[in-house]
Amino acid sequence: MRVTTSKSKNSESFYITKSYTNAQGKSTSTTIKKLGTLAELSERLGTDRDGVMAWAKEQARIETEKYKKETEDAVVTIPFHSNRIMDYSMFRFRYGGATEPPVL
């Protein structure tokens, strides 16, 4: 995740965005969290733009760690041993648990 800014005539806003590839294979991004405007964050943190940007990058790092922690449970490990010979008499391995080949 990364920090993006949006500048307008009167203010500058800070966002945390995430880039990903959608179902059509196109690269896109989505806003995860709006951090606030430069004026709000400068007043709350008591710092200038560089300090606000450093704080925003830290928040993006925290969000990235949180996202990784949430998604690491979804990983499925399938053991594969290339040196073992497969027993082809056991149909359940070849047909995904079914005892006969699928009817096409």
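The dialogue below concerns helix α2 and its packing.

Modeller: This is a predicted model, in which local features need pLDDT of at least 70, side-chain atom pairs count only at pLDDT 80 or more, and totals for chains, interfaces and linings use all residues. Residues are numbered from 1 along each chain as its sequence is written, and side-chain values use heavy atoms, with hydrogens and water left out.

Biologist: What span does helix α2 reach from its first C-alpha to its last?

Modeller: Helices are DSSP runs (H or I, at least four residues), as are strands (E, at least two), numbered from the N terminus. Helix α2, residues 49-71, reaches 33 Å with its 23 residues, close to the 33 Å expected; the expected span is 1.5 Å times one less than the number of residues.

Biologist: Which residues of α2 are buried?

Modeller: An α-helix has 3.6 residues a turn, so residues three or four places apart point the same way. Here the buried residues (under 20% relative accessible area, 1.4 Å probe, protein chains only) are Val 52, Met 53, Ala 56, Gln 59, Ala 60, Glu 63 and Thr 64. Their cover includes β1, β2, β3 and α1. Ala 60, for one, has contacts (heavy atoms within 4.5 Å) with Met 1, Arg 2, Val 3 and Ile 16, leaving aside neighbours within four places in sequence.

Biologist: How do α1 and α2 cross?

Modeller: Two packed helices are described by the angle between their axes and the distance between the axes. The axes of α1 and α2 (lines fitted to C-alpha atoms over the stretch in contact, with angles from 0 to 180 degrees between N-to-C directions) come within 9 Å and cross at roughly 90°. The two helices, α1 and α2, are therefore roughly perpendicular (65 to 115 degrees).

Note on methods:
Buried means under 20% relative accessible area, exposed over 50%, partly exposed in between (1.4 Å probe, protein chains only). Angles under 35 degrees count as roughly parallel, over 145 as roughly antiparallel, 65 to 115 as roughly perpendicular and the rest as oblique.
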